[in-house]
Amino acid sequence: MTEIEQHDFDVVVIGAGGAGLRAAIEVRELGKRTAVICKSLFGKAHTVMAEGGIAASMGNVNSRDSWQVHFRDTMRGGKFLNNWRMAELHAKEAPQRVWELETYGALFDRTKDGKISQRNFGGHEYPRLAHVGDRTGLELIRTLQQKIVSLQQEDFAQYGDYEANLKVFAECTITDLLKDGGAIAGAFGYWRETGRFVRFDAPAVILATGGIGKAFKVTSNSWEYTGDGHALALRCGAALINMEFMQFHPTGMVWPPSVKGILVTESVRGDGGVLRNSQQKRFMFDYIPEVFKGQYATSEQEADRWYDDPDNNRRPPELLPRDEVARAINSEVKAGRGSPHGGVFLDISTRLPAEVVKKRLPSMYHQFKELADVDITAEPMEVGPTCHYVMGGVEVDPDTAAASVPGLFAAGEVAGGMHGSNRLGGNSLSDLLVFGRRAGLGAAIYVDKLGARRPPVRVVDVEAAAQRVISPFRADTDEDGGENPYLLHQELQQTMNDLVGIIRRADEMELALKKLAQLRRRAEHVVVQGHRQFNPGWHLALDLRNMIAVSECVARAGLERTESRGGHTRDDYPVMDADWRHALLVCALDPDSVEGSVRVERKMQIPMRADLAGLFELDELKKYFTGDELPGGTD
Amino acid sequence: MGTQRRFRIWRGDTNAGDLVDFDVEVNDGEVVLDVIHRLQATQAPDLAVRWNCKAGKCGSCSAEINGRPRLLCMTRMSALPPHQPVTVTPMRTFPVIRDLVTDVSYNYQKAREIRAFMPPKGVQPGEYRMQQVDVERSQEFRKCIECFLCQNTCHVIRDHEENKAHFSGPRFLMRIAELDMHPLDAADEESVDRKRAAQDEHGLGFCNITKCCTEVCPEHIKITDNALIPMKERVVSLRFDPLARLLRRDRR
């Protein structure tokens with residue numbers, strides 16, 4: 001085999017979105033040599049698409065807010081399936097992580113007294129989201145990117161080399177993690193530009209690869225969201241939890257077809273937008289679920305008063321958590337009360353003056369104007385659910401972000417647990433920062449403890465990884481000439497959309513698993529044309545096996561969980577079941593399966609610490625907990 | 001449903017390349033990137049193109065459509081002349097890697113050469129206070145999605161490779177303006193003069209305000225009027241301020 005480019009680092013961070021960059025900053029500031037590897041150009045990660053804001057209980061707009069209230073909202077949003085320790089750390093540390101961004105140069109929108117402004121969002125009791133118009137993700141990614149540059153400038157001043165301690169490998173894809181004796185030894189990948197291989201020797205790897213949305217047809221996610229980190233973790237022996245929970249954002253564009261799925265920010269509703277059906281009815285009042293009764297307004301008058309007087313009125317039901325709103329829209333459309341293109345109407349034009357809309361929601365204004373010929377300051381938008389976020393991910397230790405494989409860490413969307421069965425809007429960007437930092441810290445400590453005993457990379461593993469990567473180029477011997485990666489991808493997306501989508505049934509998920517098994521076999525016969533230099537067909541062929549693996553996790557765990565909760569809704573088991581609340585479904589590679597199938601096992605959650613449970617009224621806990629779990633036992 | 005359209009796409013690499021014709025179906029409401037994806041799936045699986053979000057937010061899919069610098073994902077087919085072929089070529093200012101993908105590393109080098117934000121000493125995290133009206137000027141520039149279309153269109157470097165070493169381009173001159181207008185940037189305390197750096201190190205003087213950059217900006221940032229011209233004015237006032245000149249001479 002020809003010589004392979006090789007690099008030595010203390011920590012390799014895979015992914016350059018919010019979690020990856022925040023992790024890299026932490027690792028580098030702790031004096032470790034750090035590599036950041038990303039599939040795209042630096043600064044293009046999916047984080048850039050986040051619109052609404054970063055949730056943090058700074059209390060700048062309503063001083064009643066606190067970490068305890070944020071914690072409560074997060075647990076409610078996730079229907080109490082969340083890893084409560086992660087939710088606690090997240091709520092406590094989010095304000096510090098946001099304030100820290102200002103020391104990197106971030107410029108958030110301000111309150112009148114010069115503090116960071118905070119906006120309302122679904123499921124958050126108080127205005128809590130730090131924001132910059134509707135382009136908060138861009139601000140976050142650019143700020144972190146510029147902080148990385150600033151650290152590189154420090155290194156340049158000291159060593160004459162910008163990349164002495166922190167190097168970004170852009171347009172580089174990791175295809176395998178390398179281990180020795182059960183612990184992480186490095187990573188193997190290829191440069192997208194040249195197709196050449198590259199090997200990283202490093203005792204710690206932080207996965208920060210984001211989500212899996214590209215396995216679905218209608219999605220708000222970018223091409224990078226192919227579940228790479230989830231699949232890398234699976235293949236190197238780590239476990240994934242909560243994979244059955246997919247968040248369908250209630251408001252994606254529905255027309256024209258080519259833009260179907262593109263996100264319409266929740267800020268539209270946070271800033272006063274309302275949902276109506278074809279009969280012009282604000283239908284969300286009909287969909288307030290039992291667990292949230294009492295917390296939401298029951299009349300339009302009360303809901304409208306809330307914007308100016310939140311202390312004496314309850315919030316509008318348009319601001320229920322995303323899973324509730326998405327299901328409601330789905331039901332309205334199914335009942336024949338949808339908009340012309342199969343969505344419902346989201347209207348801000350009759351709620352705010354045109355100039356205010358343009359100022360608060362500039363990207364939405366342009367997005368609809370340029371892609372759909374719709375002026376949102378004058379007419380309603382048509383919106384419908386779009387696959388947006390995977391709650392499931394690598395099972396990690398809450399404090400250190402460590403996975404079960406020594407040397408492996410995960411943060412952000414690729415990690416599971418924090419959001420339970422449904423994530424609140426705004427809790428993702430804060431998650432990235434809080435657990436990105438913690439993963440960096442965890443990895444640095446791990447490397448220190450390891451000292452000089454670093455697991456070596458085995459040449460035989462590198463050669464096997466290289467073989468796997470070039471296999472799609474082999475002249476296929478099949479009579480049909482091999483499979484087209486683009487068509488396989490389309491079939492996968494259609495399968496997941498139709499059979500494991502927003503509303504699920506046992507027979508459909510069983511069918512999906514059959515189709516996925518076929519797709520997995522067919523994907524082994526993918527053949528790509530051309531050569532290795534910047535070849536998108538080849539790149540997709542390699543991403544496909546990751547998407548198929550994570551899709552199988554979603555379907556298998558979905559079939560197993562016989563209840564409806566958060567981002568997992570079953571037609572055949574429509575009720576939330578307290579006996580399922582403390583159960584986690586853990587996906588791992590099946591050691592008995594030759595073709596790399598996954599198996600699912602049940603695991604009990606650790607009961608919530610008493611002081612945290614004490615933050616809730618007993619009556620509320622009764623809605624979620626079994627009698628045995630309630631403080632004081634059965635009542 | 002769909003109509004047949006002719007696409008002429010530049011295909012090639014660092015060595016050579018040419019326009020290649022494709023006939024392809026186009027449907028109602030589609031953007032140019034949709035059609036490129038259809039070509040990949042049906043006729044040219046190895047056609048190289050950068051893209052990420054397909055929603056005009058990441059700035060990856062920059063190219064030239066009928067000679068005009070644009071985002072492939074935000075250019076609707078209905079906005080192009082209906083009876084002519086659609087010509088798609090890579091950005092001209094940057095070296096081609098393959099097909100529509102160019103080497104944009106120039107931009108990342110320039111980004112690295114601008115002194116980072118300098119946090120004010122003694123102000124703790126959480127204690128930053130700024131008025132909305134004061135942050136808005138820099139916020140406009142921070143809308144930049146780094147598509148590099150302004151860099152691509154700027155005639156200082158578009159056909160003048162030799163200027164690249166001395167000129168950072170509109171995107172990064174605007175970055176300096178953004179930092180210079182940041183209400184809490186402590187460059188002054190650190191004796192860093194951002195305006196002078198713009199002039200002396202980043203080639204602000206090359207810009208002769210033809211506003212081509214502003215015209216192609218998909219975020220509609222007024223790069224020339226709000227970033228470059230005000231900075232030029234301040235540089236000029238520094239240069240011609242008699243007192244400043246005296247001080248400069250004294251320092252020599």
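This is a predicted model: local features need pLDDT of at least 70, side-chain atom pairs count only at pLDDT 80 or more; totals for chains, interfaces and linings use all residues.
How many helices and how many strands does chain B have? Chain B has 10 helices and seven strands, and its C-alpha atoms, taken along the principal axes, fill a box of roughly 70 × 40 × 25 Å. Of the 252 residues in chain B, 48% are buried. If we take the contacts in chain B with a separation of 6 or more, 62% of them are accounted for by residues 24 or more positions apart.

Let me stay with chain B and turn to its strands. Strand 1, which covers residues 3-12, is joined to strand 2, residues 17-26, by 10 bridges, and the two run antiparallel. Together strand 1 and strand 2 of chain B form a hairpin, with four residues between them. To pick out one pair on the model, you can look for Q4(B), whose bridge partner in strand 2 is E25(B). Strand 1 of chain B also pairs with strand 5, residues 86-89, but here the two strands run parallel and three bridges join them. In that pairing I9(B) stands opposite V88(B) of strand 5. As a reminder for anyone new to this, strands of a sheet pair through backbone hydrogen bonds, either parallel or antiparallel.

Next comes the place where the two chains meet. Chain B brings 48 residues to the contact and chain A brings 50 residues. On the side of chain B that touches chain A, at least two residues each come from helix 1 (32-42), strand 6 (96-98), helix 2 (105-112) and helix 3 (132-142) of chain B. Which of the elements of chain B gives the most to that side? Helix 3 of chain B does, with five residues.

Now to chain A, where I would like to show you an open sheet of four strands, which come in the order 13-16-15-14 with antiparallel pairing. Strand 13 (246-253) and strand 14 (274-276) of chain A stand at the edges, and because each has a single partner strand, one side of each is left without a neighbour in the sheet. From one strand to the next, the twist averages 45°. Within this sheet, strand 15, residues 344-347, and strand 16, residues 381-390, of chain A pair in the antiparallel sense over three bridges, and V344(A) has V383(A) in strand 16 as its bridge partner.

Helix 2 of chain A, residues 67-77, is our next stop, and its buried residues include H70(A), F71(A) and M75(A), along with D73(A) and R76(A). The buried residues of this helix pack against strand 4 (54-55), helix 3 (84-104) and helix 11 (427-450) of chain A. Just after helix 2 of chain A, K79(A) takes a positive phi of about 55°.

Finally, let us go to the largest nonpolar core, which has 262 residues, and in which I206(A), F409(A) and A410(A) have the most contacts. Helix 15 of chain A, residues 536-560, gives the most to this core, with 14 residues. What does I206(A) touch, if we do not count residues up to four places away in sequence? Among the residues that I206(A) touches are V11(A), V13(A) and I14(A), as well as F409(A), A439(A) and A443(A).

Notes:
Residues are numbered from 1 along each chain as its sequence is written. Chains are lettered from A and ligands numbered from 1 in the order in which they are written. Two residues are in contact if their C-beta atoms, placed from the backbone, lie within 7 Å. Two strands pair if DSSP finds at least two bridges between them. Axes are lines fitted to C-alpha atoms, for helices over the stretch in contact, and angles run from 0 to 180 degrees between N-to-C directions. A residue is buried if 20 or more other C-beta atoms lie within 10 Å of its own, exposed if 12 or fewer, and partly exposed in between; C-beta atoms are placed from the backbone. A nonpolar core is a set of buried Ala, Val, Leu, Ile, Met, Phe, Trp, Tyr and Cys residues joined through C-beta atoms within 7 Å.
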